[in-house]
Amino acid sequence: MQIGNLFPFLYKGLLTAEQQSRHLSTAVLLSQAVATATGVLCALVWKDTVSMFGSEYSVGLIACAVVGGGMGILSNVTFWALAARYPGTHCIKATSLGMTVGGLVSSGLANLQNAGREAHFSVAVFMVFCAAVQAAFLVALLSVLRRQTGPSPEPEPESESEPPAGAGAGAGVGESGPQ
């Protein structure tokens, strides 16, 4: 079992179903922010090693890999649930495309780095670039959440003459629309 898989289990175990539903967009935002910060931290500490069992290990790199992987898994689980709350399939398609592009960018960067041979740039540069890509996805997510115009998770009954609840721009993050 991969240790990163514990993150979704902790999320599900620590929060009730109602809390998970109410704070879904917050969970996605936090996982994206922590993943971005982890990339920056990894760029700073990857070279630092400690001696254990007669070998040198980068505890910082290992810790960043665990946290980054865990946040990636948690984000994957929660992001799909968030995208499914939007009407139609456009958010599902955008989520799929975004996750694919994220993997392609990091793979392309590893190829540009000349991985396995003499590197064109350092691991720190690689990690900072990956953190920047992660930050760009975080900004995109914030943009989507700020532009929400869909119904709230528990819509109020409406009369036929009133506009739909939550319709209009100006809704804050998590104020109306899918959470």
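## A partly exposed alanine and its surroundings

Ala135 counts as partly exposed because its relative accessibility is 26%, a value that lies between the 20% under which a residue is buried and the 50% over which a residue is exposed. This alanine belongs to helix H6, which covers residues 123–146, and the model in which it is described here is a predicted one. Although Ala135 and Gln32 are separated by 103 residues in sequence, their C-alpha atoms are 7.7 Å apart in space.

The chain as a whole gives the setting for this pair. The protein chain contains 6 helices and 2 strands, and, when it is read along the sequence, these elements follow the pattern α-α-α-β-β-α-α-α. Of the contacts in the protein chain between residues at least 6 apart in sequence, 62% join residues that are at least 24 apart. Of its 179 residues, 26% count as buried, while the accessible surface of the chain comes to about 11,100 Å², with 66% of that area belonging to carbon and sulfur atoms.

Part of the surface is a nonpolar patch formed by Val50, Met52, Phe53, Tyr57, Val59 and Ile62, which together have about 590 Å² of accessible area. Strand S1, residues 50–52, and helix H4, residues 59–84, each supply at least two residues of this patch. Met52, one of the patch residues, is found in strand S1, and Met52 counts as partly exposed because its relative accessibility is 35%.

Side chains of opposite charge can pair when their charged atoms come close. In this model the count comes to 1 salt bridge, and it is formed by Arg22 with Glu18, whose closest N and O atoms are 2.9 Å apart, a distance within the 4 Å that a salt bridge requires. Both residues lie in helix H2, residues 17–22, where Arg22 and Glu18 are 4 residues apart, about one turn of the helix. Arg22 is partly exposed because its relative accessible area is 41%, whereas Glu18 counts as exposed because its relative accessible area is 56%.

The table below gathers the relative accessible areas of the residues discussed above.

| Residue | Relative accessible area | Class |
|---|---|---|
| Ala135 | 26% | partly exposed |
| Met52 | 35% | partly exposed |
| Arg22 | 41% | partly exposed |
| Glu18 | 56% | exposed |

Technical notes
Residues numbered from 1 in each chain as written. Predicted model: local features only at pLDDT ≥ 70, side-chain atom pairs only at ≥ 80, totals over all residues. Heavy atoms only, no water. Patch = residues over 30% accessible without salt bridge, like charges linked within 9 Å, V, L, I, M, F, W, Y side chains within 5 Å. Areas by Shrake-Rupley, 256 points an atom, 1.4 Å probe, with all protein chains shown as cover. Salt bridge = Lys/Arg side-chain N within 4 Å of Asp/Glu carboxyl O. Buried < 20%, exposed > 50% of the residue type's maximum accessible area, 1.4 Å probe, protein only. Contact = heavy atoms within 4.5 Å.
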